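Good morning, and thank you for joining.

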Amino acid sequence: MTIEIGIRHTSRVVVDSSNVASAVGSGGLDVFATPSMVALMENAAMTAVAPFLEEGQTTVGGHINTSHLAPSPVGATIEAEAVVTAVEGRKIEFAVEARCDGKVIGNGTHLRFVVDAAKFMSKLL
């Protein structure tokens with residue numbers, strides 16, 4: 001496994017009835033939901049490092065610290081970019097940012113850990 005600082009990925013989603021605040025239970029308006037933004041940021045981070053993992057490995061989220069700065073309407077395309085900022089053993093830190101039409105709508109930091117998928121699943125409660 002060789003994950004280097006600077007590895008990045010951008011994930012995209014179109015705001016629709018499935019990812020708005022009123023649908024996911026985080027608010028009453030039909031705007032892009034904060035939990036949906038967080039999920040997109042996590043997806044970008046996971047996808048960024050996936051090609052560098054060994055067979056049977058995956059990453060799991062450990063922490064995310066983010067701000068949702070502006071609303072986005074149904075029909076808008078949201079992009080979330082994750083950039084590796086630090087690697088320490090199995091721990092990977094990312095800077096994350098979400099944009100709508102080039103405008104920053106969210107940003108923060110995200111922490112993921114490399115795990116053996118089978119071993120991780122064997123620990124379910």
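**Salt bridges, a helix and a patch**

Lys 91 is partly exposed, because its relative accessible area is 26%; here buried means under 20%, exposed over 50%, and partly exposed in between, with a 1.4 Å probe and protein chains only. Glu 93 is also partly exposed, at 32%. The side chains of Lys 91 and Glu 93 form a salt bridge, at 4.0 Å from N to O; the term requires a side-chain nitrogen of Lys or Arg within 4 Å of a carboxyl oxygen of Asp or Glu.

Before going further, a note on conventions. The model is predicted, so local features need pLDDT of at least 70 and side-chain atom pairs pLDDT 80 or more, while totals for chains, interfaces and linings use all residues. Residues are numbered from 1 along each chain as its sequence is written, and side-chain values use heavy atoms, without hydrogens and water.

The count of salt bridges comes to seven. One of them joins Arg 99 to Glu 79, at 3.9 Å from N to O. Arg 99 lies in strand 4 and Glu 79 in strand 3, so this pair ties together parts 20 residues apart in sequence. Helices (H or I, at least four residues) and strands (E, at least two) are DSSP runs, numbered from the N terminus. Arg 99 forms a salt bridge with Glu 81 as well, the closest N and O atoms being 4.0 Å apart. Both Arg 99 and Glu 81 are buried. Arg 8, Arg 12, Glu 79, Glu 81, Glu 97 and Arg 99 are linked in a network of salt bridges.

Which side chain makes a polar contact with that of His 110? The partner is the side chain of Arg 112, at 3.1 Å. A polar contact is a pair of N or O atoms within 3.5 Å; within protein, one must be able to donate a hydrogen and the other to accept it, and residues adjacent in sequence count only if both atoms are side-chain atoms. The side chain of Thr 59 makes a polar contact with the side chain of Arg 112 too, at 2.9 Å. His 110, in strand 5, is buried at 3% relative accessible area, and Thr 59, in strand 2, is buried at 6%.

Helix 2 covers residues 34–49. Its buried residues include Met 37, Leu 40, Met 41 and Ala 44.

Finally, Phe 120 belongs to helix 3 and is partly exposed, at 37%.

Note on methods
Expected span 1.5 Å × (residues − 1).
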